[in-house]
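Today I want to look at the ligand site and the metal.

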Amino acid sequence: MLLRVDNIGFEYPGGPEILKEATFNADKGEIVAIIGPNGSGKTTLLMVAAGLLDPSKGIVYVEDKPLSEQLPKIRSRIGLVFQEPDDQLFNPTVYEELAFALRQLLNSVEEVDEKVRKITKKFDLKEIINKPPYKLSIGEKRIVALASVIAYDPDILLLDEPTANLSSGPIKMIEEILQEAKKSGKVVVIASHDVEFVASVSDRIYVIDRGSIIGGINARSILSDDSMLTIADMNPPLVLQTLRELGLESENTPMTIRELSKKACSEKTSKFT
Amino acid sequence: MAETIDSLNTEARIPLNRPLVTASALILTSAVAFSHDFEFPLLILLLSIGIMILTNTPFRPWMRIITLTLAWVILVSIPLPFITPGEPVMSFTFNSMVLNITEEGLHIMIIFILRIVSASSIFTAFVLIIGWRGIIRGLEFFRIPRELTLLLKLSVIHIPLTIREAAKMISARDARIMKGIGVKKLWITLASVVGELFLRSYERAWRVDKAIKARSFESTDNFSRF
Ligand SMILES: Nc1ncnc2c1ncn2[C@@H]1O[C@H](COP(=O)(O)OP(=O)(O)OP(=O)(O)O)[C@@H](O)[C@H]1O
Ligand SMILES: [Mg+2]
């Protein structure tokens, strides 16, 4: 297990216990989703997992060694994309934002510039590269925030509501980037309310339930389990809802348009053969 | 306004000895701010223009900041000639109230304006030359507590954001005001916005501090609980 969050408790000063016995793990080449209603502690959990908040109990392990013992160096292997891009972006320009981490890791200005250029191209940021981040639209900010993390190529990617405020083009781009990260053996953890996005990218899903974490089994089982979705305050994916209405739910009911069309295609061809 | 502050939010343009420049900036700024005569502030004003020419620093951001300072300082010093006792040079009658402008008052006002403008001028010149971050790093050299320098750093990064936030909050409140609003109500609104803004800035500074930590791989300071 590359990332293991073990029995974490956390409360903000003077506040109630937000996390009680939160345990989850994620392995290389896996996309794990954490779902839960507003205010259930998803953001807090990701901050703890990134080593930015110190839990009141429990330990976060990275490769079986406590995270706290590996700070601050380990931070170059962890990338957290904040829920609020305004909280994350603190450099005077988008360029500086992308270069900030690279300057600490690479040896020459040329290398940094080269890498920034690559990322600029990949995320299509050329038009805004010299703008100050606070002058961007929310969606643009969100993409810059993601790009500034992908830039230094961390092994563990923690994404807090990555699809909020994005139109479908950028959402598709994020899906591709996550699939790419998965293929190259990275750990990806997303906290999200976007059921369609969760259905299309995640391998396993955890549900935060009153400070504890339940579930952790494959995405399909969680998303078709009404009691889990009720706890997370989510509706089932649209495709599943529709098939249910039509009385077509079965063992392997498709969850996304992609799965549905794949299934439809294969059924068509099997009829002809 | 936000743009003017943006121009300060820069990295050093010229490699110079940061602690030395920071120290001279601080010493000259405070010397001129507490001076009592005409000549010294004038000298400093000329000096700041001189060093900007010598270091080939663009004048526009400096001009903007000086103009802003001048406008502000004139505004706050308007009562001075009226309230300082002395030989009247002019007098107005206003609703049976006699207002005198005194020679002493004018003198104080002019020195006050000159002092503030040249203090701001020399400091701005230094900031433009070595960058605001340069000043902060210079301060770090003098073992000014980290929290203080961090606060300065964050506030400069966030002044444009804070201004926007204030504008947003005021318009959000305006949007909910249905009828005409009296001066007193307006004042209450503004005061509550300022209080709220302070809290929000604090909250934001806390989060941005986390964001900086998240991407700082070499810093030796341990992660804080909150
Ligand atoms: N800085 C803070 N100080 C005090 N309490 C906080 C702070 N940040 C969050 N909380 C509280 O902690 C709880 C969990 O917040 P958190 O942001 O982790 O929830 P979340 O699951 O991410 O919610 P959302 O889906 O709305 O993003 C909330 O009840 C919130 O009020
Ligand atoms: Mg959250």
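**Entry 1: where the ligand sits.** I started with ligand 1, which lies between chains A and B. I'm working from a predicted model here. I listed the shell and got 14 residues around ligand 1, the closest being Ile18(A), Gly39(A), Lys42(A), Thr43(A) and Thr44(A). By type, the shell splits into three nonpolar, eight polar and three charged residues.

Entry 2: I looked up the helices next. Helix H1 (42-49) of chain A and helix H9 (183-214) of chain B each supply at least two residues of the shell around ligand 1. H1(A) gives the most, with three residues.

**Entry 3: polar contacts.** I went through the side chains that meet oxygen atoms of ligand 1. For Asn38(A), I noted 3.0 Å between a side-chain N or O atom and a ligand 1 oxygen. Gln83(A) has a side-chain N or O atom 2.9 Å from an oxygen of ligand 1. His193(A) also places a polar side-chain atom 2.9 Å from a ligand 1 oxygen. As for cover, the protein takes up 66% of the 640 Å² of accessible area that ligand 1 has on its own.

**Entry 4: the metal.** Which residues coordinate the magnesium ion (ligand 2)? I found Thr43(A) through OG1 and Gln83(A) through OE1, at 1.9 to 2.1 Å. Thr43(A) is in helix H1 of chain A and Gln83(A) is in the loop between strand S6 (78-81) and helix H3 (85-88) of that chain, so the pair ties together parts 40 residues apart in sequence.

Entry 5: Thr43(A) counts as partly exposed at 25% relative accessibility. Gln83(A) is partly exposed too, with a relative accessible area of 33%.

Methods:
Residues numbered from 1 in each chain as written. Chains lettered and ligands numbered in written order. Predicted model: local features only at pLDDT ≥ 70, side-chain atom pairs only at ≥ 80, totals over all residues. Heavy atoms only, no water. Near = heavy atom within 4 Å. Polar contact = N/O pair within 3.5 Å; in protein donor to acceptor, adjacent residues only side chain to side chain. Areas by Shrake-Rupley, 256 points an atom, 1.4 Å probe, with all protein chains shown as cover. Helix = DSSP H or I, 4+ residues; strand = E, 2+ residues; numbered from the N terminus. Nonpolar A, V, L, I, M, F, W, Y, C, P; charged D, E, K, R; others polar. Donors = N, O, S within 2.8 Å, 3.2 Å for Na, K, Ca; no water. Buried < 20%, exposed > 50% of the residue type's maximum accessible area, 1.4 Å probe, protein only.
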